Amino acid sequence: MWALLLVSTLPLVTPFYVPGVAPMNFHQNSPVEIKAVKLTSSRTQLPYEYYSLPFCKPDNIFYKAENLGEVLRGDRIVNSLYTVLMNLDKNCEVLCKKPDDPIKLSVDESKLLAERIQEEYYVHLIADNLPVATRLELYPNKEEGMDEEQRKDTLKDIQFEHGYRLGFTENNKFYLHNHLSFILYYHKEKLEEDVEHNYRVVRFEVMPKSVKLEDIKADERNTCTLPETVAPVPQEIDPTKENSILFTYSVHWEESEVKWASRWDTYLTMSDVQIHWFSISRSSDDNILLPLHVHGFVRRIRCRKTLPHS
């Protein structure tokens with residue numbers, strides 16, 4: 001009797017869903033939304049919104065409602081124009097505009113873009129709440145003068161870095177990564193025969209490239225072709241004048257044995273994880289446990305309360 005009375009006095013608990021915790025199932029050709037998160041730089045430590053730079057914009061822009069962790073990280077998750085369908089490759093497509101009517105950057109936009117490149121900003125995107133990563137293939141034992149065949153026989157060290165570099169500088173000139181090659185990995189869930197398979201996104205990679213506007217060919221359907229050379233002439237951004245550019249992208253899917261529950265393991269091996277520390281204080285001596293987000297992983301730190309009374 002006492003036990004029943006005690007249970008009846010406990011507060012009711014309402015279950016809730018945390019985005020990104022439950023797996024999302026896709027079918028063949030189902031849309032996989034690519035969203036933009038923010039721009040970051042380890043040099044400035046100042047995050048910016050994705051559309052603070054002149055990227056291609058949808059007609060209607062929708063910002064996701066942020067939770068506390070996203071607010072503290074400076075995330076502003078927003079929709080983009082990238083069109084990706086599950087397990088459907090795309091060779092090359094113009095994101096917006098056309099080669100005969102490219103994006104025309106004003107002098108101010110060109111200057112801002114060059115500044116962000118010089119400050120080594122990275123662009124962060126997500127697919128099914130999974131952050132994009134750039135694959136780096138390093139050859140620590142590579143010798144000078146080694147040809148391509150010899151390099152294949154050399155052990156390589158594969159690393160990943162969060163997001164992709166906005167661009168690069170060379171000889172005091174600024175170059176924009178205006179083509180993105182998306183490589184997405186899916187895990188196919190085993191189901192009964194004659195039942196449509198479920199696909200789950202387990203990795204999201206990107207290979208950024210800089211391609212000069214004049215070397216991008218496209219038809220009326222916005223299907224494009226890029227130079228076949230490994231190192232095409234890059235797209236320069238001159239901060240002293242107007243510039244004309246195009247943004248393009250491609251999509252490639254690969255099947256993976258990695259299951260959805262283990263898809264974050266790759267990010268644990270990244271060497272450039274940026275830890276965001278927050279200085280939080282209030283006159284009260286009470287302490288709380290505040291989640292500290294490290295690029296998607298939650299650690300708990302003890303800090304003072306900061307929530308205002310009103």
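F247 is buried in this predicted model, with a relative accessible area of 6%; buried here means under 20% relative accessible area, against over 50% for exposed and partly exposed in between, using a 1.4 Å probe and protein chains only. F55 is buried too, at 8%. Since the model is predicted, local features need pLDDT of at least 70 and side-chain atom pairs count only at pLDDT 80 or more, while totals for chains, interfaces and linings use all residues. Residues are numbered from 1 along each chain as its sequence is written, and side-chain values use heavy atoms, with hydrogens and water left out.

A search of the whole structure turns up 11 aromatic pairs, where rings of Phe, Tyr and Trp (its six-membered ring) pair if their centres lie within 6.5 Å, and planes under 30 degrees apart count as stacked, over 60 as edge-to-face and the rest as tilted. The rings of F55 and F247 sit with their centres 5.7 Å apart and their planes at 55°, so this pair is tilted. It links distant parts of the chain: F55 is in the loop between strand 1 (34-40) and helix 2, and F247 is in the loop between strand 17 (243-245) and strand 18, 192 residues apart. Helices (H or I, at least four residues) and strands (E, at least two) are DSSP runs, numbered from the N terminus. Together with Y50 and Y51, F55 and F247 form one aromatic cluster.

The structure holds 1 cavity of 30 Å³ or more, and the largest cavity has a volume of about 40 Å³. Among the residues lining the largest cavity are Y50, F55, Y82, H177 and F247. The lining splits into 6 nonpolar, 3 polar and no charged residues; Ala, Val, Leu, Ile, Met, Phe, Trp, Tyr, Cys and Pro count as nonpolar, Asp, Glu, Lys and Arg as charged, and the others, Gly among them, as polar. On a 1 Å grid over the protein atoms alone, a cavity is a set of points where a 1.4 Å probe fits but cannot get out, whereas a pocket is an open set with protein on both sides within 12 Å along at least five of seven lines, and lining residues have an atom within 4 Å of a point. Grid points are joined across faces, edges and corners, and a volume is the space filled by probe spheres set on the points.

The largest pocket takes in about 950 Å³ of space. Of its 32 lining residues, R135, E137, M207, P208 and K209 are the closest to its centre. Elements giving two or more residues to this lining include strand 3 (90-94), strand 12 (179-189) and strand 18 (248-255).

These strands are also partners. Strand 3 and strand 18 run antiparallel, joined by 3 bridges, while strand 12 and strand 18 pair in the parallel sense over 8 bridges; pairing takes at least two DSSP bridges between two strands. Y186 in strand 12 and W253 in strand 18 form another tilted aromatic pair, 6.3 Å centre to centre.

As for disulfides (cysteine sulfur atoms within 2.5 Å), the count comes to 2. C56 and C96 form one, with sulfur atoms 1.9 Å apart, and C92 and C224 form another. C92 lies in strand 3 and C224 in strand 15 (residues 224-225), so the pair ties together parts that are 132 residues apart in sequence.
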